[in-house]
Amino acid sequence: MDKGLLAYLLIPLLSAVIIPFAAKNRPKLADILANVTLLAGLANLAWLALRPSIIRGEFADIPGDGLSLLLVAAIYLVAFCVTFFSAWFLDEHLPNRQAYYSLILVSVAAMCGVVTTTDFFTLYVFIEVLAVTSFALITTDESSGGIEGALKYFFLTFPASALIIVGIAVMMMSLGGLSFESLRIFMAADAPAGTVTFAAALMMLGFLIKAGVAPFHAWTPDAYQGAYAPVSAYLAGIVTKISGVYAIIKLATLLRFFDGRAQAVSEMVMFLGMFSIALGALAALKQTNFKRMLAFSSISQVGYIVLAAGLGTPLAIMGAVFHLLNHATFKTVLFLNSASVEKSAGTTDMDKLGGLEHSMPWTSWTSIVALLSTAGVPPLSGFWSKLLIILALWESGLKTYAVLALLFSIVTLAYFMMMQKKVFFGKKTAAAESSPEVSAPLLAPVVLMSALIVALGLLFPYFYTYVKMVAERIIL
Amino acid sequence: MTYHNLLFVLAAVFAVWAVMAKKLLTSAIMLASLSAAVSLIFFDFGAPWAGVFELSVCAGLITVLFIGAVSLIRAEEEKHPENRTRFYALPLAVAIFAIAAWFYLPAFFDELATGRQMAAGGGTIGLALWDLRRPDMLGQVLMLAAGVFVIKSVFPRRTENK
């Protein structure tokens, strides 16, 4: 485990334990404690990232493979946006307000554990903590949709846990150890990899289910649609990306997909990635509910990351890592905007919405920035990550996949344009008549994330050197 | 040997208690205690990895899941009358097994103890928990915290609903 990053795990855990006692009679204190904890972590990360040596492009001070630090930053950023939004969004009399924040902080600690660990069993333990906290967070909304989503999440992701633990057991028997390093060394050697590859394939299957990749995506739309609005943003923005997608990228690099050591697994992962892109995009075209459409869009975008991870070349891994970060930013914006629309207009049914751009201009504009980035329109951040992925596919001779990935990017733009037209453009509907813009504190996290989307796109050459360093460190 | 027999008896008592308990919560806690006893037996036989995994997965994770599930069950659902007659046969079965074990198990344990000496290089509980698998302990602490907050998150709403 990377000890340099241990504080990012321990401090939220400490805050999570303090909150129920400190905020017992003053529920608002729970908001403040959770936000201050995450803001302090972000300030510390900014201090790390803005050192002169790092700005000069020298990354000697970055601990571990660099990916952990990058993902810890993404975790803190999305969690901070969600807790800040929740502070103004949550019902004043929510009986479990303290537990809500404690659960978010425990899941932040667990995600930091996932991205800093160097052992498969520890990875499994932290992923299970995430599963438990996610289940409880989805049930925050006691509507039938929330309970249905939570149960589907429970029943479909726990078999995934079983697959992962069986994979770990087989790996322990065949490899004699569970550290990432032992798998890396084994795959670099020329020994026959049959049993170890089988164990890794079982784990990979478990992680694919956890990531909500098609055809294992059945839990995703219900969980995202049924969950409390900020919880959907949190789950879609970062939780499923860390508990599933990060693990897939990590396993892909350890299995050395790029030199064809586990060709069958690599091909299976790429196929499922492409299938997910297609199914998510086509299903999103047909949705009439704002949140459900975003959920299918999320399945499609995760497909891009999985496709790149399955290819496994340094360029593809760069694209996967960068798209994972971009997904955290644009999906958080879109889900938080859906929460704002729900709060203001009282519905997320797109057939009942329309003409909100006049009354909710900030929400409308930030949605445009996020959707254009998701579709891969230059110069926004999503363009660069998709470009890297498509270039990596083309370079490796997988031209069909490259062309399909490009085509479904256009489909992404199509369904998002339809969403923007139905929700924000056109004539005002009855629901939109009395829908004022949400308050400034609810807009602040969305505006911050949108600014980040633009900045990451415009300053890509600077960011590229960091992502390149990450890809080199995790592959070599 | 005494230590080992004590653990074995404890494990059996916890197992029977888990089945006989009237409250689901008690059953879940007894199952966790059973897992803890079994993991100590694993340690005693020089299998620290098996012991740590038993402790992590069964005593930690599974217990949290059970307690989380029990907390979701509403009060009225717990009050369904249940025919418990068949459970009373269990102590009798255990007593018969205990008498049989008195004769046959010591020899079996002696054989296992030889295995323990062979695996003496496997490490101690302390080495396995605090040195080899230290990050798992952190994960377990997180899991316990998550379990407590799941209950804190669900119970207030049950009270409100009443």
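Two residues are taken to be in contact if their C-beta atoms, placed from the backbone, lie within 7 Å. The model is predicted: local features need pLDDT of at least 70 and side-chain atom pairs count only at pLDDT 80 or more, whereas totals for chains, interfaces and linings use all residues. Residues are numbered from 1 along each chain as its sequence is written, and chains are lettered from A and ligands numbered from 1 in the order in which they are written. The predictor assigns the complex an ipTM of 0.74 and a pTM of 0.82.

With contacts defined in this way, Val106(A) touches residues of both chains. Leaving aside residues up to four places away in sequence, its partners are Leu13(A), Ala16(A), Val129(A) and Thr133(A), together with Leu142(B), Ala145(B), Ala146(B) and Phe149(B). Val106(A) is also listed with Ile75(A), Ile248(A) and Val321(A) as having the most contacts inside the largest nonpolar core, which has 217 residues. Such a core is a set of buried Ala, Val, Leu, Ile, Met, Phe, Trp, Tyr and Cys residues joined through C-beta atoms within 7 Å. A residue is buried if 20 or more other C-beta atoms lie within 10 Å of its own, exposed if 12 or fewer, and partly exposed in between, with C-beta atoms placed from the backbone. In soluble globular proteins, nonpolar side chains tend to be buried together.

Leu105(A) is found in helix H5 (residues 97–116) of chain A; helices (H or I, at least four residues) and strands (E, at least two) are DSSP runs, numbered from the N terminus. Leu105(A) counts as buried because it has 28 C-beta neighbours inside 10 Å. Beyond residues up to four places away in sequence, Leu105(A) touches Pro12(A), Ser15(A), Ala16(A), Ala34(A) and Thr37(A). The C-alpha atoms of Leu105(A) and Leu9(A) are separated by 9.3 Å, although the two residues are 96 apart along the chain.

Chain A comprises 21 helices and zero strands. Its radius of gyration is 21 Å, close to the 23 Å that the globule rule gives for 476 residues, so chain A is as compact as a globular protein of that length. The radius is taken over C-alpha atoms, and the rule is 2.2 Å times the number of residues to the power 0.38. Along its principal axes the C-alpha trace of chain A spans about 70 × 50 × 50 Å. Of the 476 residues of chain A, 59% count as buried, and 81% of the contacts between residues at least 6 apart in sequence join residues at least 24 apart.

Several helices of chain A were examined individually. The 25 residues of helix H18 (residues 399–423) of chain A should span 36 Å at 1.5 Å a residue, in agreement with the 36 Å between its end C-alpha atoms; the expected span is 1.5 Å times one less than the number of residues. Buried residues of H18(A) include Tyr401(A), Phe408(A), Tyr415(A), Phe416(A) and Lys422(A). The buried residues of H18(A) pack against helices H12 (263–286), H13 (290–311), H14 (314–345), H15 (356–359), H16 (361–375) and H17 (381–395) of chain A. For H17(A), 15 residues should span 21 Å, and the end C-alpha atoms are 22 Å apart, which agrees. Trp384(A) and Lys386(A) are among the buried residues of H17(A), and this helix is followed by Gly397(A), whose phi is positive, near 85°. A cis peptide bond with omega of about 5° joins Pro378(A) and Pro379(A), and Pro379(A) lies in the loop between H16 and H17 of chain A.

Chain B has seven helices and zero strands, and 29% of its 162 residues count as buried. Chain B averages a pLDDT of 73, with 69% of the residues scoring at least 70; pLDDT is the predictor's confidence in each residue, from 0 to 100. At the interface, 23 residues of chain B are in contact with 28 residues of chain A. Helix H3 (48–72) and helix H7 (134–161) of chain B each supply at least two residues of the side that touches chain A, and the largest share, 18 residues, comes from H7(B). The residues of this side divide into 13 nonpolar, six polar and four charged, where Ala, Val, Leu, Ile, Met, Phe, Trp, Tyr, Cys and Pro count as nonpolar, Asp, Glu, Lys and Arg as charged, and the others, Gly among them, as polar.
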